[in-house]
Amino acid sequence: MAHHSTILSQLLQLVDRHDFRQIEQAGFAPKRKYRTLSRWSQFVAMMFAQLGNRQSLRDIEGHFDAHSARLYHAGAGAVRRSTLADANNDRPAEYFQAIFDRTYARCAAVAPKKRFHFKNKLYSFDSTVIDLCLSVFPWASFRSTKGGIKAHTLLDHDGLIPAFVEVSDAKTSDIEIARTLCLPPGSIVAVDRAYTDFK
């Protein structure tokens with residue numbers, strides 16, 4: 001019988017399970033073992049939700065139930081919306097940031113390199129407002145009738161992969177986030193006029 005790997009399974013192969021466990025043991029080990037939803041299952045659920053454009057916890061739960069036979073191969077199990085909500089609320093997000101940093105380093109090592117006429121690192125930095133519905137996300141108040149958040153992204157032109165992404169409220173000034181960047185000395189950063197600072 002032919003075996004066909006799902007796209008989700010192929011994407012999950014980019015995340016080294018050994019690294020996943022190692023980072024957990026290094027500084028994010030829980031005080032007691034998780035009974036129903038492991039960190040890996042939480043990660044799979046949130047990755048599935050992001051890639052599949054799931055709109056709610058109930059939506060995630062329903063789709064996981066519909067594909068329960070395939071979850072075993074992804075190393076995950078069924079997800080209950082209340083359990084997932086508690087996990088997202090109680091577990092530190094810094095753990096997944098550490099996973100991203102480790103995975104980013106692996107991707108950067110194999111990303112195609114671009115050759116420019118100068119030796120310095122080249123970056124592009126920009127921000128974009130993501131509109132949100134105020135009735136669903138009242139905490140994301142932006143203007144009197146609009147809601148939103150802002151995604152600030154620094155693109156590394158060596159390999160064309162993001163070197164930095166930060167999400168803030170939509171009222172945050174672009175230059176405010178740009179000041180927090182720690183770039184290699186001599187870096188060249190392409191920005192638009194939103195980052196003009198006459199001070």
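**A chat about the fold and its contacts**

Modeller: Let's start with a strand residue in this predicted model. Leaving out residues up to four places away in sequence, Ile161 touches Tyr104, Cys107, Ala108, Ala111, Leu154, Leu155 and Asp156.

Biologist: Nice, and where does Ile161 lie?

Modeller: Ile161 is in strand E3, which covers residues 161-169.

Biologist: Is Ile161 buried or exposed?

Modeller: Its relative accessibility is 17%, and buried means under 20%, so Ile161 counts as buried.

Biologist: How far apart are Ile161 and Ala108 in sequence and in space?

Modeller: They are 53 residues apart in sequence, while their C-alpha atoms are 7.5 Å apart.

Biologist: Let's zoom out. How many helices and strands does the protein chain have?

Modeller: There are eight helices and four strands. Going along the sequence, the order is α-α-α-α-α-α-α-β-β-β-α-β.

Biologist: And what share of the residues is buried?

Modeller: Buried residues are 31% of the 199 in the protein chain. As for contacts with a separation of 6 or more, 58% of them are between residues 24 or more positions apart.

Biologist: On to the inside. Which residues touch the most other members of the largest nonpolar core?

Modeller: That core has 20 residues, and Leu12, Phe20, Trp40, Phe43 and Phe64 are the ones touching the most other members. Two or more residues come from each of helix H1 (7-12), helix H2 (17-27), helix H3 (39-51), H4, H6 and helix H7 (94-110).

Biologist: Which element gives the most to this core?

Modeller: H3 does, with seven residues. There is also a second, separate core of eight residues, and Phe125, Ile177, Ala178 and Leu181 are among them.

Biologist: Back to H3, then. At what angle do H3 and H4 pack?

Modeller: The angle is about 105°, and the axes are 10 Å apart. H3 and H4 are therefore roughly perpendicular to each other.

Biologist: Which residues meet there?

Modeller: From H3 you have Val44, Ala45, Phe48 and Ala49, and they meet Ile60, His63 and Phe64 from H4. By class, the contact of H3 with H4 has six nonpolar residues, one polar and no charged.

Biologist: What about H4 and H6, how do their axes cross?

Modeller: The axes of H4 (residues 57-66) and H6 (residues 81-90) cross at roughly 125° and come within 9 Å. That makes H4 and H6 oblique to each other, and H4 passes H6 in a right-handed crossing.

Biologist: Let's do one more helix pair. At what angle do H2 and H7 cross?

Modeller: Roughly 135°, with the axes of H2 and H7 coming within 10 Å. Those two helices are therefore oblique to each other, and H2 passes H7 in a right-handed crossing.

Biologist: Who meets whom in H2 and H7?

Modeller: Asp19, Phe20, Gln22, Ile23 and Glu24 in H2 meet Tyr95, Phe96, Ala98, Ile99, Arg102 and Arg106 in H7. The contact of H2 with H7 has six nonpolar, one polar and four charged residues.

Biologist: How far apart are Arg106 and Asp16?

Modeller: Their C-alpha atoms are separated by 9.8 Å, and the two residues are 90 residues apart along the chain.

Biologist: Last one: where is Asp174, and what is it in contact with?

Modeller: Asp174 is in helix H8, residues 174-178. Setting aside neighbours within four places in sequence, Asp174 is in contact with Phe125, Ser127, Lys150, His152, Ala194 and Tyr195.

Biologist: Buried or exposed, that Asp174?

Modeller: Asp174 counts as buried, at 10% relative accessibility. For Asp174 and Lys150, which are 24 residues apart along the chain, the C-alpha atoms are separated by 8.9 Å.

Terms used: Residues are numbered from 1 along each chain as its sequence is written. This is a predicted model: local features need pLDDT of at least 70, side-chain atom pairs count only at pLDDT 80 or more; totals for chains, interfaces and linings use all residues. Side-chain values use heavy atoms; hydrogens and water are left out. Axes are lines fitted to C-alpha atoms, for helices over the stretch in contact, and angles run from 0 to 180 degrees between N-to-C directions. Angles under 35 degrees count as roughly parallel, over 145 as roughly antiparallel, 65 to 115 as roughly perpendicular and the rest as oblique. A crossing is left-handed if the near helix is turned anticlockwise from the far one by less than a right angle, and right-handed if clockwise. A nonpolar core is a set of buried Ala, Val, Leu, Ile, Met, Phe, Trp, Tyr and Cys residues joined through side-chain atoms within 4.5 Å. Buried means under 20% relative accessible area, exposed over 50%, partly exposed in between (1.4 Å probe, protein chains only). Contact means heavy atoms within 4.5 Å. Ala, Val, Leu, Ile, Met, Phe, Trp, Tyr, Cys and Pro count as nonpolar, Asp, Glu, Lys and Arg as charged, and the others, Gly among them, as polar.
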